[in-house]
Amino acid sequence: MKEFSFLVGNCPGALVGIAEALGNERVNIEGIGGLTVLEEGVIGLVTDNPGTTRKLLRERGLDFEEREALVIDLPNHPGELATLLGRLREERVNVLSLYASVGRNQVILTVDQVERTKEILHLT
């Protein structure tokens, strides 16, 4: 999966155009996170069609970063996220972003060492 991170204006409807365009192109949002930093909306977005997502963001003139994103299934128990993050810390892997997936009990994260993280977490 690919994560697209970008800035939008912090105003009503800033993200709706992107969401509508994705929907019109039949692109499903698999995960999304957002927050406001210094009057800008910071968005992290993962979809089921990176090519179309990339095209739509470019058409809107948005500068974005693109990274490989890992979707991790987590048991729904207290402390599971801490265990996951602790394993990455021990291996000196830096988490760049982390947010909930639209899937049940999943998190999406990007890291500075993708292949090493896949080995650590036994991801295929």
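A search of the whole structure, which is a predicted model, finds one aromatic pair, where rings of Phe, Tyr and Trp (its six-membered ring) pair if their centres lie within 6.5 Å, and where planes under 30 degrees apart count as stacked, over 60 as edge-to-face and the rest as tilted. The centres of the rings of Phe 4 and Phe 64 lie 5.6 Å apart and their planes stand at 65°, so the pair is edge-to-face. Distant parts of the chain are linked by this pair, since Phe 4 belongs to strand β1 (residues 2-9) and Phe 64 to strand β4 (residues 64-68), 60 residues apart. Phe 4 is buried, with a relative accessible area of 0%, whereas Phe 64 is partly exposed, with a relative accessible area of 21%; buried means under 20% relative accessible area, exposed over 50% and partly exposed in between, for a 1.4 Å probe and protein chains only.

Residues are numbered from 1 along each chain as its sequence is written. In this predicted model local features need pLDDT of at least 70 and side-chain atom pairs count only at pLDDT 80 or more, while totals for chains, interfaces and linings use all residues, and side-chain values use heavy atoms, with hydrogens and water left out.

The chain has four helices and seven strands, where helices (H or I, at least four residues) and strands (E, at least two) are DSSP runs numbered from the N terminus. Read from the N terminus, the elements follow the order β-α-β-β-α-β-β-α-β-β-α. The radius of gyration of the chain is 15 Å, close to the 14 Å that the globule rule gives for 124 residues, so the chain is as compact as a globular protein of that length; the radius is taken over C-alpha atoms, and the rule is 2.2 Å times the number of residues to the power 0.38. Along its principal axes the C-alpha trace spans about 40 × 30 × 25 Å, and 35% of the 124 residues count as buried. Among contacts (heavy atoms within 4.5 Å) between residues at least 6 apart in sequence, 64% join residues at least 24 apart.

In helix α3 (residues 80-90), the buried residues are Leu 84, Gly 86 and Leu 88. These buried residues of α3 pack against strands β5 (70-73), β6 (95-100) and β7 (106-111), as well as against helix α4 (114-120). Just after α3, Arg 92 adopts a positive phi of about 60°.
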